[in-house]
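Subject: Structure for you to look at

Hello,

Here is the structure I said I would pass on. Please open it beside this message and follow along; the notes come after it.

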Amino acid sequence: MQAMLWSPNADGSVSCRLCVHRCRVRKGGKGRCGVRVNFKGGLVSLVNEVVTAVGMDPVEKKPLYHFLPGTKIFSVGSAGCNFHCRFCQNSNISQVPESGVVPGRRVTPEELISLAVTNRARSLAFTYNEPTVFFELVYQTARQAKEKGLPSVLVSNGFMSADCLRALHASISAANIDLKGFSDEFYRSYCGGRLQPVLDNLKAIKEMGWWLEVTTLVIPGVNDTIDELKALAAFIHDELGADTPWHISAFHGAYRMADYPATPLSKLEEAWRVGRESGLYYVYIGNVRSALGSTTFCPQCGTAVILREGFEARVSGALGECPSCGTVLPGIWSL
């Protein structure tokens, strides 16, 4: 099916406007994502109605801690990615082989929504691989889901174009965006992207009014210096707000870094302290168990408002409200 967000060029190539790479794709060629192809001078999506994975997850697994906690979310993934992270956790679907054969099966937006409703999901997530690259399916499904009272979530690397964000503005309720590090060199060398566009998109998402949470995968010796973590936490605090949740996630070997050592708990807890000392109210530790980083505390009186064990959330008092002082915490607590 013909893709959206592209422009033709006089020489038969096309300019893709879906993400910041803005690939110029010659006839017969593919964009960096591997799933958008120039077919006879038009841009075609190979994944318009292709999914590789669907499943019911706790919303905390996305991770989203201030969005309908304790509920189930219907997760949908396709194939391809506009990044080529050396440490990718889902390389079997994100990195399309040279053959161009895309795994998965065809499905319609109506079928996805029906599955979500049948399984009593409270929301729908586009995740597993980068949702930007299966934009057409996201766009159609999220619009229809919203009409049925089912909010949609993006779990993304944040490298989409302004055109893409504008098109999704009215249909998406929340996002968890990876801020993978705070060095442009890291983004170029380890991800095949750039830092500044992600920072710009984070600010744009906050301004658009989507509920926003941020995740950083902390990789030992790669993006974990105290100075870098302080700079990253300061950006969240100063540009996104002290009430923006920051998830610090443990790295485990994968893809081209399969033999690389996992992140020590001590490093994650050090990063947690950096976040708190930078003035962030909600800092969480993921991918490992930690007494420090799983509880939501009231920023006014320090009372534990939401206790978590793994992906299970236990709420004290009314959802989103401190039982001790009555402070209403930021987030989306009900539909």
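**Pockets and cores**

The second largest pocket is lined by K30, G31, R32, C33, G34, C81, H84, S94, Q95, V96, P97 and E98. Bear in mind that this is a predicted model. The volume of this second largest pocket is about 150 Å³. By class, its lining divides into 4 nonpolar, 5 polar and 3 charged residues.

The largest pocket has a volume of about 1,200 Å³. Its lining consists of 44 residues, and K61, K62, P63, S249 and N287 are the ones nearest its centre. Of the lining residues, 16 are nonpolar, 18 polar and 10 charged. Several strands contribute: β11 (152–156), β12 (172–178), β13 (211–218), β14 (246–250), β15 (283–286) and β17 (304–309) each supply at least two lining residues.

Now to the nonpolar side chains. In soluble globular proteins, these tend to be buried together. Here the largest nonpolar core has 85 residues. Which of its members touch the most others? They are F87, L154, L168, L179, L202, W210 and W246.

Take L202 as an example. With neighbours within four places in sequence left aside, L202 is in contact with I177, L179, L212, V214, F235 and L240. Another core lies apart from the largest one and has 10 residues, including L64, F67, V153 and A174.

Regards

Technical notes: Residues numbered from 1 in each chain as written. Predicted model: local features only at pLDDT ≥ 70, side-chain atom pairs only at ≥ 80, totals over all residues. Heavy atoms only, no water. 1 Å grid on protein atoms, 1.4 Å probe; cavity = no way out; pocket = protein on both sides within 12 Å on 5 of 7 lines; lining within 4 Å. Points joined across faces, edges and corners; volume = space filled by probe spheres on them. Helix = DSSP H or I, 4+ residues; strand = E, 2+ residues; numbered from the N terminus. Nonpolar A, V, L, I, M, F, W, Y, C, P; charged D, E, K, R; others polar. Core = buried A, V, L, I, M, F, W, Y, C linked by side-chain atoms within 4.5 Å. Buried < 20%, exposed > 50% of the residue type's maximum accessible area, 1.4 Å probe, protein only. Contact = heavy atoms within 4.5 Å.
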